[in-house]
Amino acid sequence: MPVFRVSRQVACWMLQSPACGCRASVLPSRLLGTSPRQIPMDANFHSTSFSEADQQRVLITGGLGQLGVGLASFLRKRFGKDNVILSDIRKPPEHVFLSGPFIYSDILDYKNLREIVVNNRITWLFHYSALLSAVGEANVSLARAVNITGLHNVLDVAAEHGLRLFVPSTIGAFGPTSPRNPTPDLCIQRPRTIYGVSKVHAELMGEYYYYRYGLDFRCLRYPGIISADSQPGGGTTDYAVQIFHEAVKNGRFECNLKPDTRLPMMYIDDCLRATLEVMEAPAESLSMRTYNISAMSFTPAELAQEVLKHIPELQVTYNVDPVRQAIADSWPMNFDDSNARKDWGWKHDFDLPELVTTMLNLHGSESRVAQAN
Ligand SMILES: NC(=O)c1ccc[n+]([C@@H]2O[C@H](COP(=O)([O-])OP(=O)(O)OC[C@H]3O[C@@H](n4cnc5c(N)ncnc54)[C@H](O)[C@@H]3O)[C@@H](O)[C@H]2O)c1
Ligand SMILES: C[C@@H](O)[C@H](N)C(=O)O
């Protein structure tokens, strides 16, 4: 019976893993059914061919946070200034506004998102909007809306218009029952923050859309990211950014985590390069759609020790924030990223000493400019 045959095909396809050599694209789109947004049965989910698209047209959501402006400038070097559109719900500072296309986009407004994708012929979407771990605990309902409902909108728009979609996940997608030292790609994930829960949801939904609709979903679990020119947005790893600002500005730093709290961390240049590398990786090299990436792992005491080598007068004190400490104590201490290294050649450039030298050089030149003005 035809109906039975189709159902069996779909069921087999959905239950096979990519490791078996099964790819979403082997299933004709007419067998896929409709998406929650009533995508037509004969929709072609890869309508934008990637031959057309060595010239990608890129949209970044939530682009005014710690990572988005750096990502835009990195991608503009690759695809050209006008082909990378930064978006957010906040007003951009002048230097960002003048540096390339900026557009208002609230990811909770599905029609607005669709209009932007259509009018600008977007081919790649980097979905950065989120409420981070500590801020999310302070506003659970907003975090649930932005991190979960917003993701649903992005997934549907991406599936409908054949986009390649990048969604960052995080070390925060693991919890106290996950193996913490090291944490592999596939293990128990029972996070206890709304941020972590929403990121596990994003990983699973993205992978579901990949298997079910052929959406080209790619996801990296970032460690805590350290950057000099952008402030963090309310996370648990923020201390590792703030120590550099405070060390250079005041010679003092009060840390909100205990000195022996070990967490995986990465310098922003490595993070942005990994993001572009996984997006450009040939589909056949990806044995998974969600990968851990790692560079280094340190405690506040170890970071302070390294900074003290450059600023011996720095005074570091500890005033523990119980919310952030509880979160950090449930997160990985070391991240196993061997699959990323094996599948698409991931390799970090920055270890702790290079990170500290680079951050202090950048802050040093910044403060010298400020003094000169
Ligand atoms: N920074 C890190 O250490 C880190 C680590 C792991 C994963 N990540 C992930 O990377 C992404 C970017 O992180 P970040 O540090 O730049 O975050 P951030 O908090 O600094 O920025 C998030 C941005 O999202 C925007 N936003 C909020 N609500 C929105 C809405 N309704 N519509 C559109 N935009 C909205 C905010 O205005 C903000 O500019 C996030 O998804 C985050 O989970 C970050
Ligand atoms: C780790 C990451 O997801 C973010 N910096 C946070 O601490 O919430």
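## A tour of two ligands

Start by selecting ligand 1: 26 residues surround it, the closest being Gln66, Leu67, Asp88, Arg90 and Tyr195 (a residue counts if one of its heavy atoms lies within 4 Å). You are looking at a predicted model, where local features need pLDDT of at least 70, side-chain atom pairs count only at pLDDT 80 or more, and totals for chains, interfaces and linings use all residues. Residues are numbered from 1 along each chain as its sequence is written, chains are lettered from A and ligands numbered from 1 in the order in which they are written, and side-chain values use heavy atoms, without hydrogens and water.

Next, look for polar contacts (pairs of N or O atoms within 3.5 Å). Click on Leu67, where a backbone N or O atom lies 2.9 Å from an oxygen atom of ligand 1. Then try Ser129: one of its polar side-chain atoms is 3.2 Å from a nitrogen atom of ligand 1. The protein covers 93% of the 840 Å² of accessible area that ligand 1 has on its own (Shrake-Rupley method, 1.4 Å probe).

Now colour the shell around ligand 1 by type: 13 residues are nonpolar, 9 polar and 4 charged (Ala, Val, Leu, Ile, Met, Phe, Trp, Tyr, Cys and Pro count as nonpolar, Asp, Glu, Lys and Arg as charged, and the others, Gly among them, as polar).

Move on to ligand 2. Which residues are around ligand 2? They are Leu132, Ser133, Thr170, Ile171, Tyr195, Gly235, Thr236, Thr237 and Trp331. Show the side chains of Ser133 and Tyr195: a polar atom of Ser133 lies 2.6 Å from an oxygen atom of ligand 2, and a polar side-chain atom of Tyr195 also lies 2.6 Å from an oxygen atom of this ligand.

Note on methods
A polar contact is a pair of N or O atoms within 3.5 Å; within protein, one must be able to donate a hydrogen and the other to accept it, and residues adjacent in sequence count only if both atoms are side-chain atoms.
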